[in-house]
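Here is a short briefing on one protein model. Topics follow in turn, from helix contacts to sheets and hairpins.

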Amino acid sequence: MEHVDRGALDAQRGHWQRTYRDNPTMYGPAPSEPARRALELFDREQVREVLELGAGQGRDTLAFLRAGLSVTALDYAPEGLGELRRVAAEAGVADRLTTRVHDVREPLPVADASVDAVYSHMLFNMALTTEEIDALGTEVHRVLRPGGWHVYTVRHTGDAHFATGTNRGDNLTEHGGFVVHFFDRALVERLAQGFTEPQVEAFEEGGLPRRLWRVTQQKIRPTPAG
């Protein structure tokens, strides 16, 4: 197995904390395009409770809250979550927000089958090994109710930064201090175990531009006995 630079991966937490502390509004107030698309799905499927992984400063979280959803937002950088709580309070939607400082390399702090949807924007392609991604995917399946939705976005191997920058092993590359795990289709399929066939849509974001996939899949309902 290819060597993984564990020190570089572990250093990402401090890097994100400094980034949020130095740039308290770095992503701006507008939700991402994937969040807007997710809201269309959540409205159609009557989703009410969402777990957001890697919420950061909460630009997508705020859109979910304003739409009337209850959100549990996780991030391992308390600086980002602090900004999210401040803005949610100003917007009058903090009563439906729960925030937790959490590293997704650990089991999710949510009960089995307790949420309608899990959402993340580029969280799965952060500084996570393939083994850690597999474990997180299993946790997402655990916390979703039968029929619940998993919506996530990832940069993929067609991105201009793939195979450039500093190689950290296991398809992990560092650019400008940020480590990214680039996805191929095989990794998307691995995360689809226990779910319906994933819907994979390509889109672009940012100035490079970043090339991403938006993946939507539904937890398979158990077959009725008899």
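In this predicted model, helix α2 (residues 12-22) and helix α5 (residues 78-91) have axes that come within 7 Å and cross at roughly 35°. From α2, the contact takes Q17, Y20 and R21; from α5, it takes P78, E79 and G80. By class, that contact has two nonpolar, two polar and two charged residues.

**Helix α3**
- Helix α3 covers residues 33-44, twelve residues in total. At 1.5 Å a residue it should span 16 Å, and its end C-alpha atoms are 17 Å apart, which agrees.
- P34, A35, A38, L41 and F42 are the buried residues of α3. They cover an arc of only 115° around the axis, so they lie on the same side of α3.
- An α-helix has 3.6 residues a turn, so residues three or four places apart point the same way.
- D43 and R44 are exposed on the other side of α3.
- The buried residues of α3 pack against several elements, including β1 (49-53), α4 (59-66) and β4 (115-121). Also among them are β5 (144-155), β9 (199-205) and β10 (210-218).
- Q46 follows α3 and has a positive phi, near 60°.

**The seven-stranded sheet**
- Seven strands form an open sheet with mixed pairing, in the order β3-β2-β1-β4-β5-β10-β9.
- β3 (97-101) and β9 stand at the edges. Each has a single partner strand, so one side of each is left without a neighbour in the sheet.
- From one strand to the next, the twist averages 15°.
- Seven bridges pair β9 with β10 in the antiparallel sense. Q199 stands opposite T216 in β10.
- Helix α6 (residues 130-143) packs on the sheet and touches β1, β4 and β5. The direction of α6 makes about 145° with that of β5.

- β6 (residues 166-169) and β7 run antiparallel, joined by three bridges. N167 has T173 in β7 as its bridge partner.
- The hairpin of β6 and β7 has two residues between the strands, and D170 takes a positive phi near 60°.
- β7 and β8 (residues 178-181) also run antiparallel, joined by four bridges. E174 stands opposite V179 in β8.
- The hairpin of β7 and β8 has two residues between the strands. In its turn, G176 has a positive phi of about 60°.
- Which way do the residues of β7 (residues 172-175) point? L172 and E174 point one way, T173 and H175 the other way, and all are buried.
- In a regular strand the side chains alternate between the two faces of the sheet.

Conventions. Residues are numbered from 1 along each chain as its sequence is written. This is a predicted model: local features need pLDDT of at least 70, side-chain atom pairs count only at pLDDT 80 or more; totals for chains, interfaces and linings use all residues. Side-chain values use heavy atoms; hydrogens and water are left out. The expected span of a helix is 1.5 Å times one less than its number of residues. Buried means under 20% relative accessible area, exposed over 50%, partly exposed in between (1.4 Å probe, protein chains only). The arc is that of the directions from the helix axis to the C-beta atoms. Contact means heavy atoms within 4.5 Å. Two strands pair if DSSP finds at least two bridges between them. Axes are lines fitted to C-alpha atoms, for helices over the stretch in contact, and angles run from 0 to 180 degrees between N-to-C directions. Ala, Val, Leu, Ile, Met, Phe, Trp, Tyr, Cys and Pro count as nonpolar, Asp, Glu, Lys and Arg as charged, and the others, Gly among them, as polar.
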